[in-house]
Amino acid sequence: LHRVDRRQRQMCIRDRSLLINNKKYFIKGICYHPVPKGSTKRNFSTLNEDLILMKEAGINTIRVYEPIDDIDVLNAINNADIKIIISFGYNQKGIYDIVSGTYIEYVKKYLDHNAILMWELGNEYNYNPQWFGGNIDNWYKAMNRASIKIQSIDKNRLVSSAHGDIPDNKALELGSSINIWGINVYRWDEPASVFAEWKAVSNKPCLLYTSPSPRDQR
């Protein structure tokens with residue numbers, strides 16, 4: 001286990017920037033969920049080759065859509081000097097998810113692992129209110145409670161959430177404990193337009209997650 005010395009690693013936000021031990025950490029990342037051709041399940045069989053490509057591309061952070069419960073995989077990523085944003089889903093059939101509360105077990109289990117940069121809750125759930133009784137406020141409230149719980153356990157990491165485009169004022173209010181908002185942007189070749197809009201509604205930092213427009217994925 002690659003342990004982080006919590007006395008030496010302190011994360012904070014200053015002037016919309018993420019700082020680790022008083023040094024700015026600029027996330028240059030990629031979403032990583034390797035599923036071999038013909039399969040439907042994540043598999044890390046090409047991890048070492050993928051890490052080499054990531055390093056060549058200048059990537060320092062990966063975001064995963066579900067927790068990695070494999071110490072060897074976490075250690076390999078740490079050895080490559082890459083950090084991980086660990087994401088928890090709302091309902092993943094009781095496997096480290098929010099609705100069952102089992103995400104807490106994961107946080108406690110890997111609290112001291114050096115590879116983990118921060119925790120993230122959900123992935124653009126605002127596009128799917130039907131998952132929350134038709135009222136997306138139910139998600140924001142659950143997200144906020146989970147964020148508070150994580151921060152009570154882990155005093156040295158931050159909590160983010162991945163939102164479909166910019167959250168509105170109500171979402172920001174209901175999710176007030178979120179430290180950093182990830183924003184999934186589908187704006188063709190002008191994703192950076194989100195920054196000015198974000199600055200107008202929040203003084204917190206944001207993570208820009210961008211990918212092709214849904215129309216480009218045909």
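Ile136 touches Tyr125, Asn126 and Pro129, leaving aside residues up to four places away in sequence; a contact means heavy atoms within 4.5 Å. The model is predicted: local features need pLDDT of at least 70, side-chain atom pairs count only at pLDDT 80 or more, and totals for chains, interfaces and linings use all residues. Residues are numbered from 1 along each chain as its sequence is written, and side-chain values use heavy atoms, with hydrogens and water left out.

Ile136 sits in the loop between β7 (116–123) and α4. Helices (H or I, at least four residues) and strands (E, at least two) are DSSP runs, numbered from the N terminus. With 17% relative accessibility, Ile136 counts as buried. Buried means under 20% relative accessible area, exposed over 50%, and partly exposed in between (1.4 Å probe, protein chains only). Ile136 and Phe44 are 92 residues apart in sequence; their C-alpha atoms are 34 Å apart in space.

Arg157 occupies the loop between α4 (137–153) and β8 (159–164). Arg157 is buried, at a relative accessible area of 5%. Its side chain reaches two backbone oxygens: that of Leu111 at 2.7 Å and that of His113, also at 2.7 Å. A polar contact is a pair of N or O atoms within 3.5 Å; within protein, one must be able to donate a hydrogen and the other to accept it, and residues adjacent in sequence count only if both atoms are side-chain atoms.

Helix α2 spans residues 71–79. Its buried residues are Val73, Leu74, Asn75, Ala76, Ile77 and Asn78. They pack against α1 (47–56), β5 (61–64), β6 (83–88) and α3 (103–109). At the start of α2, a side-chain oxygen of Asp70 comes to within 2.9 Å of the backbone nitrogen of Asp72. Just after the helix, Asp81 takes a positive phi of about 60°.

The chain as a whole has six helices and 10 strands. Its radius of gyration is 17 Å, close to the 17 Å that the globule rule gives for 218 residues, so the chain is as compact as a globular protein of that length. The radius is taken over C-alpha atoms, and the rule is 2.2 Å times the number of residues to the power 0.38. Along the principal axes, the C-alpha atoms fill a box of roughly 45 × 40 × 35 Å. Of the 218 residues, 49% count as buried. Among contacts between residues at least 6 apart in sequence, 63% join residues at least 24 apart.
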